[in-house]
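Subject: Structure handover

Hello,

Here is the structure for your files. My notes follow below it.

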Amino acid sequence: MSSHNTSTKEQDYLIESQGYDDHFHEHHHGDKYQMNFLTTYIFSQDHKMIARQFLITGIFWAFIGALMSLVFRIQLGFPDADLSWLKPFLGKWIVVNEAGIGKLEPEFYYALVTMHGTIIVFFVLTAGLSGTFSNLLIPLQIGARDMASPFLNMLSYWFFFLSGAVMFYSLFLSTGPFSGGWVAYPPLSALPQASNGSGNGMTLWLVSLTLFVVSVLLGGINYITTVLNLRTKGMTMWRMPLTVWAFLVTAILALLSFPVLASGFFLLIFDRSLGTSFYLSDIFVNGQILDRIGGSPILYQHLFWFLGHPEVYIIILPAMGLVSEVMSVHARKPIFGYRAMVYSIMAIGFLSFIVWAHHMFMSGVNPFLSNFFVVFTLIIAVPSAVKVFNWIGTLYGGNIRMNTQMLFCIGFVSMFISGGLTGIFLGNSAIDIQQHDTYFVVAHFHIVMGVAAFFGMFAGIYNWFPKMFGRYMNDTMGKIHFWITMIGAYAVFGPMHYLGMAGVPRRYYRFDTFDAFKGFDDMNKFITIAAAITFLAQLVFIINFFYSMYKGKKVTTPNPWKSNSLEWTTPIEPGHGNWPGKIPTVHRWAYDYGKDDREFIQQHIPLRDGEQHSSH
Amino acid sequence: MADHAIHNHDSHDNSRLWDGAKEPFKASYGKLMMWYFLLSDAFTFAGFLIAYGTLRFSSPAWPVPDFVFSSLPGDIHHKPLIFVTIMTFVLIASSVTMVRAVQEGHRYNKKGVVFWMFLTIIGGLSFLGCQAWEWTTLIGKEHMTIHNNPFGSHTENGVYLEGDGHDIKAGDQFKVGDSYLVHKHDGHWAPLSYKNEAGATKTQQLGPKAFGALFFFITGFHGFHVFSGVVFLLIIMINAWSGIYAKRNNKYEMVEKIGLYWHFVDLVWVFVFLVFYLL
Amino acid sequence: MGGHLSYEEGKKVVVKGLIILAIVTIAEVIVALLGKGYLIKGFHLPVWLMYFLMISMSLYKAYFIVYDFMHMRYEVPGLVKSVLMPTLLLTWALIAFFTEGKTWKEWRARSKDTNLYISNIPVEKQEKSSLHNEIHPGVESTTPGQHAPVEVKDAQNESHGASDNKTDAHSEPKEVKHAEEKSH
């Protein structure tokens, strides 16, 4: 790690003359920080290292999740293909018949679908995305030495790690992991005898996700406290970069919604292990009515989606924040409509708590109640459209640098529009009667919160890689990665809209046995091939990531993108405490690009004589 | 702002503020984190209580709490809500002693802090004891468990056909919503027969299962909070005694933080008391 | 910070708090007992009044604990808002969840075998269906709408299947249910 000697050379004179002296470096920081390998790389309490831990764990899980999707895509695209070549990897889940043809076990197909959803939604797009960038950027961008409680921050990562370990273990159970869908609706999740995966697989799933809730809460409490109480001098709320705003609202959503999921899980655990009937009623097993009555499976769905919908925004808001920031920097223009962006983030955050039942229109909720949920849901289109308009407004007339992160930002906006529009269809309870649980839904949420969130994450990784590792990622490989992913994602999910409108249901094992769906064989093949190619493009990214970490072009200037925000006032490889001397004092908002004929003005540079604050 | 200066010279890495020029909320990060933790915990309880309400709304009949919670130690029965009122007092009193401990902390009065915290712990333990007695009675004497709820309530008007010595005589009248207890003899439920208004002969039935399960689950979760509170109080009391908080020179902030938690437990009880015992 | 009151004033607040909370709790219990006719034989408070009084008194207690015991009164407005405002999000949750609960009850009441839901005397499972008929011989005739229940049942089954996506797991019980109904 860097020592203070290397960084003093580049350190900004302004920070020393104007900055705020918190006497940070006068103290001994004991042996807790970066004293040996263990405290530097494993049980680190430094937010930058924890961010890297989250990122790399997230990449690991993204790889596993994507591999799973490839396996079940092969099953869907080529249901008659011989899969015996997968036997070495999947073992008994590939059954080889006498003719030597290997088949994927249907039970395991469901497990794959379930695990793919759980892993990508929770481990990659929640922990891997907001965990990484909240940790990295919040202290750096608001001018703080570290998180409010570095210790709890470390615990947050290790609870996430533990949760992942439990889930990983469940993949190797003899009965397989949980297979009842990532939402884990009862009765499949509440009765251990309901299916193979409902036994130990479900138990471990619950343990894993309960640990995950703990991790999210520890992180969330930290992020909120840090943003609200630890900003540097001059960093008012209205001067914070949009990234920080997005992380703040994300953390609030997580803080308020994950506990409700936890309550739902606790009740489920009781149903499973102690024989209560919170979620069970009218269950017949082998023609016999179970003695478990009085509850309602819909109750679980309500509790789950009370988390579930905010969760969608927990995933997409950080991506939105990253995109706003990266886009402004690389269009060399102030973000268009800064305050409108902030209010949109808040509005989306608020609305996310009152729309959850739009996931349940067809589950038998009161139709009268559905009307309200439809209206609330459609209102979300307003702040979302404001944001899209502002991104396009930011690009308009900008001096755009077409580097990889900018491409991913543009890709994000494209994906967000395409996926958002189909959301308006699904938000109407009447149209939902036709569309629910078809591939239309699959296409919708994969584009709007899967691919779009990944694009935001990629933009963030390419942009802040120099801050994380002191080296650049390869831009050519990045562009190859972008174009294949962009085209590939549309090739995969575009046709799925068509399938969905034709009524093809999701989560089926194979379609060629249904007369109604036989005609889509070629389309399913096409989707599978496109998915495989898109997956290969992600390997380009992974190679680029790890290669650049050690061999990438070195960063030679503290502010390689000529960006305004505070993280670029730190040394190239900031040590513990981020700034070697004083903490910079902030004099302006984060988006003074092209003001008074100056290309960019960093936040810690005081106003000139007679200069006015940018109005925003 | 005096508080702030103190923090900056605190040599403890973990408890020092990584702060810039000011604390916008004029509270240390530890207190803020406690507040936000309590907020999220409030949502956990809200999840439970909303689930309770939903299941209760979905049941045709619900036992009347005045009938269910009417026993007192010493084999006293039919004294509705007296015992739980005592429990509530105990918890309120322990909250009050906690406030006193925090106040003594602000004056750096170590003896005062330890004394009042000790009383708080006694209060917490008494509450847990009361709860243990209540659960024991409900489970052991009245056979209410998470699987069975012997407390039913009538869904129609009618008259009893037979009495079995449990204060019900043949010919006693009852109204819609009146509660009854289905007794258990030798491991079997012994429901009474009655005639409804339409003249049909019927038998008492067990009440909604969810009642027992929700009661034990939610009061148990609250009791678990009380128990962990007592453990934390104990640790912090010993620490306060040893003088390490006095050295930190931050007005015994740790005592204040655990105080917040303890009041929160009391706050939750206000709502548990409301929905289980009053409504 | 809480240092806004002098020590003596603080002590007074404590005593005041103890008295107020005790009185409100007793008042709540009295309302509950009055409301259900335990105090004065034959006298019931109107249900809405009883609920209104109990809920508002509990909210007052909660307010008192948060503002005085937890010193919220002395925090800066930003902190107060950041902690208290999010709880307002629960308002719509309360309305929506409880409406749902009521809906389930109404739909179950329209279904033929209502008694399945209230009675759960643990008898041998085979006897279960016949037991209901014995205990409630008149129920079938008094339940309004003979056709509605079957429709509701089907709708529920379908929707479960739709959301669970294991439709086959549900189609089986549906058949069983029909068979059972025919046997009446």
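First, a term: buried means under 20% relative accessible area, exposed means over 50%, and partly exposed is in between (1.4 Å probe, protein chains only). This is a predicted model, where local features need pLDDT of at least 70, side-chain atom pairs count only at pLDDT 80 or more, and totals for chains, interfaces and linings use all residues. Residues are numbered from 1 along each chain as its sequence is written, chains are lettered from A and ligands numbered from 1 in the order in which they are written, and side-chain values use heavy atoms, with hydrogens and water left out.

Cysteines
A:Cys409 has a relative accessible area of 0%, so it is buried. B:Cys130 is also buried, because its relative accessibility is 14%.

Chain B
Chain B has eight helices and eight strands (DSSP runs numbered from the N terminus: H or I of at least four residues for helices, E of at least two for strands). Its radius of gyration is 25 Å, well over the 19 Å that the globule rule gives for 279 residues, so chain B is more spread out than a compact globule. That radius is taken over C-alpha atoms, and the rule is 2.2 Å times the number of residues to the power 0.38. The C-alpha trace spans about 80 × 35 × 25 Å along its principal axes. Of the 279 residues, 63% are buried. Chain B exposes about 10100 Å², with 64% supplied by carbon and sulfur atoms (Shrake-Rupley, 1.4 Å probe; for residues, only the protein chains shown count as cover).

Contacts here mean heavy atoms within 4.5 Å. In chain B, 67% of the contacts with a separation of 6 or more are between residues 24 or more positions apart.

B:His263
B:His263 sits in helix H8 (residues 253–278) of chain B. At a relative accessible area of 2%, B:His263 is buried. Leaving out residues up to four places away in sequence, B:His263 touches B:Ser95, B:Met98 and B:Val99, and also C:Ile65, C:Phe69 and C:Met70.

A:Arg239
Where is A:Arg239 in chain A? A:Arg239 lies in the loop between helix H8 (200–229) and helix H9 (242–273). A:Arg239 counts as buried, because its relative accessibility is 17%. Beyond four places in sequence, A:Arg239 touches several residues, including A:Tyr338, A:Trp589 and A:His613. A:Asn428 is 189 residues from A:Arg239 in sequence and 38 Å away in space, C-alpha to C-alpha.

Best wishes
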